Structure formats: C-alpha cells, structure tokens
Amino acid sequence: MKAIADLHIHSRYSMATSKDGTPENLDSWARKKGISILGTGDFTHKKWREELKESLISTGDGFYKLKDERIAPEAFHMGESTVRFVVSGEISCIYKKNGKTRKAHHVIILPGFEAAERFASGLEKIGNIHSDGRPILGLDSRDLLEMMLDIAPEGIFIPAHIWTPHFSVLGEKSGFDSIEECFEDLTPYIHALETGLSSDPPMNWRVSALDRYQLVSNSDAHSPPKLGREANLLDTDLSYAGLYNAIQKGEGLLGTVEFFPEEGKYHYDGHRKCGVCLSPEEAEACDGICPVCGKKLTMGVGHRIEQLADRKAGYVKERAKKFESLVPLSEVISSCMGYGTASKKVQSCYEEMLKKLGAEFEILRQVPVEDIAVSFGEDIAGAIGKIRAGEVKKTAGYDGEYGKITY
C-alpha cells in the first residue's frame, strides 16, 4: 500500500513548540496533509506517553490509531484510510569525544509503548528526561545506539538532520567527518540518515561514504500545521515490520518529499544579526569571516557538504530513490493572495481546497492544475504547476533564517 510517513515530530512537551501538539490535533493535521504514518514524537516524556496511551489504541501491528470518540466530527477524512501512529522521539547527545565537544540529535523509532517504557527507564538513570520532550543527555551517540539495541533490538536509529551546523552527526560546529567516527564498531547498525530541510538527496549523493544509507526526510515539526513539510514516500504494509523494512533496508521506500533546500534555515553561510548571507565560494573568499563584525560565519549545509564531498556538483547516483521538491500549500496560497499564512483569508482558502480537491499532498502532487484553476484561479494553479516543474526562484536561508521560494 502506498503511504506517506512523517516520523520525526514534536509534541507540546518539547521546548519551543506549539501548545496545540495534542494527539487529536496531530491526527487532524495528518489527515489534512494526507499522511498515513505519523511518529508520535517525544516518547521519552512520561506525561506525553500517558496522554498517548489514553488517546490511542493499538492496531495490532506495532502501530496505533486515535480512538474513534476522539476524532473531531469535522475532521478531514482520508477515504477508508486512517492515520497510524508509530512510537518515536528525538534525543540530544552532548558529550566530549576525540578532544572536541559533540552535539548530535538522533531519532529513535520503537515497536510499541512497552519498548518505550523500558527505554525511558534506562535513560532516566543517565539524565533528566522529564523537563523536555527532546531530552539532552551527556551520552555518547554510540552508547545511545548500544542502549537501544540492548533494550529494543527491533528499534530504528536515525541520525537526525545530519548536516545542521549546531546539532548533528556531520555538522560543522560539533559533528564528525564521518558516520564511522561517531558510531565506531556499531556503525553497521545505522541504516538510514535524515537529510534535513537544508539539503536534498542530490547534495548527499556527492558524498560517496553515504551511498550505503537510506536517505529519509521528516518535518521535525514543532506545531501540527508544519507536519509533512518533508516526508517519506512508501509502498509497503501498514505495519511496524513494513516500516522497518522500508527504512532499514529500502524495501518499499520509494523516495522522499523535500523542501527546496535553499528554503532551509542553514543552506548558505552567514550571520543573521549582520544580515550577511554568502555562498560557499563567497565565504571561502572571506576566509569564513563575517565582513561586517569580523567574527566567524556560521557555515551552511552547502559549504559543509563541499568539504566532505568527493563527487562534483550535479552527480546523479545510480538507482537512487526519487524525490519531489514541494512548497507547503498554505505558503503557496499566501504568496498568491498577498496575506500571511495564518490569516483568515489564507486559512479559509486552504480548508476550501481540501474540501473540494482532497488532502494537501494530493493537491500539491497529483490534482490536475486545470482542476485547481477552475475552483481557485489561475494564480494558485500556475504556482503549483511551476513548483512541480521546479521552475522557481530561490533565495537561500542562512544562520537560522529561512530562505524564500518564489514562482
């Protein structure tokens, strides 16, 4: 069965997240987006686990679904399908290794709440897992992986947004130069890498050392409306076993839905406070120093990949999974109407499009532009057509500032 999966999200128990991150709202927005498999996020947080257990019921295959009585009557319906939840969470590891402070985030996916309880009990002995849904632990990434393998050998361990400068396994500021340097003898148990918003598959293809890994994409959403801004395209059984085979072995992983990487917050080098945004070549010409304040620039994902790449830009990997670069529908409507994404006009149009044309991913990927034009005008239809064709203008993000895609 074809499905769209977003496996890395956050609940309202994580820092800097929306209070609307409840099971009901996550289910509702997953329906709107057209997401079939959704990570719960934050499984280490006891209150969130308790809330999830009250709201969800097991489907008997390692997945869960929202109890019928908790589904809002006005919720968008996905035909005969429903949203499946899979237990997931992100953990931040901050520690010293090889003479350098390392900061890496990792996504862990588990086959059920029993495994989550065991894992949380183990982590509780190491550090504080109660104050933040994404706990910060002074634990070596390799040792975290070993703990997962001991407690839940059928778990899935994915290094998160691997190129982000500050908190990732290959990040310039606190990461490593290889996956092997981070995980040592346990590297063979890493099968997938999350590329993050600021890179896409072709950028990762340039590093031959990553060829053996499945490249996955997730939203890392901090609020329900951000679900699915990146996601995975699957053709597999709707079960934990099917998901495991897709992520770990590539069996049934068709590809990914991506941001245009320039829209990510760390695509180019720069200094947000100074308003300085530079391409890798421009940053090299400045020796990585901000021309305004004289301090070191925050190196972007594009530059970091240049440092580790052993293939030229434009390299196409053989038998690579497909990918599609999209722009969230609310952003498309906002751009065409000239109002903010949270405005009543934009949200009203968004909801009306769902009612008439289907879920967001259907509209962005499949609904004929002629059908969109009939009900919602040539501007929105034309914009979606250009995005599908990649005919967009890109202003790169940098140092925590999102980029802009125009069409």
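**A guided reading of the predicted model**

Phe259 is buried, with a relative accessible area of 2%; buried means under 20% relative accessible area, exposed over 50%, and partly exposed in between (1.4 Å probe, protein chains only). The structure is a predicted model, in which local features need pLDDT of at least 70 and side-chain atom pairs count only at pLDDT 80 or more, while totals for chains, interfaces and linings use all residues. Residues are numbered from 1 along each chain as its sequence is written, and side-chain values use heavy atoms, with hydrogens and water left out.

Phe259 is found in the loop between strand S12 (253-258) and strand S13 (269-271). Helices (H or I, at least four residues) and strands (E, at least two) are DSSP runs, numbered from the N terminus. Apart from neighbours within four places in sequence, Phe259 is in contact (heavy atoms within 4.5 Å) with Leu197, Arg229, Glu230, Gly264, Ser325, Leu326, Pro328 and Tyr402.

Helix H7 (residues 240-249) also has buried residues, namely Tyr240, Gly242, Leu243, Ala246, Ile247 and Gln248. Just after H7 comes Gly250, with a positive phi of about 80°. Most residues other than glycine have a negative phi. Asp42, however, has a positive phi near 55°. Asp42 lies in the loop between strand S2 (37-39) and helix H2 (46-55), and is buried at a relative accessible area of 0%. Asp220 likewise is not a glycine and has a positive phi, of about 50°. The place of Asp220 is the loop between strand S10 (214-216) and strand S11 (231-235), where Asp220 is buried at 16% relative accessible area.

The charged side chains come next. A salt bridge is a side-chain nitrogen of Lys or Arg within 4 Å of a carboxyl oxygen of Asp or Glu, and by this rule the count comes to 20 salt bridges. One of them joins Arg31 to Asp27, with the closest N and O atoms 2.7 Å apart. Because these two residues are four apart in helix H1 (residues 23-33), about one helical turn separates them. Arg31 counts as buried at 3% relative accessibility, and Asp27 is buried at 1%.

Asp185 and Arg142 meet at 2.8 Å, N to O. Asp185 lies in the loop between helix H5 (179-183) and strand S9 (192-194), whereas Arg142 lies in helix H4 (residues 141-151), 43 residues apart. Arg142 counts as buried at 13% relative accessibility. Both residues belong to a network of salt bridges that links Arg142, Asp143, Glu146 and Asp185.

Glu172 forms a salt bridge with Lys296, the closest N and O atoms being 3.0 Å apart. This pair connects the loop between strand S8 (156-159) and H5, which holds Glu172, to the loop between H8 and H9, which holds Lys296, across 124 residues. Glu172 counts as buried at 13% relative accessibility, whereas Lys296 counts as exposed at 52%.

The loop between helix H8 (280-285) and helix H9 (301-308) also contains Lys295, which is exposed at 57% relative accessible area. Asp287 lies in the loop between H8 and H9 as well, and is exposed at 65%.
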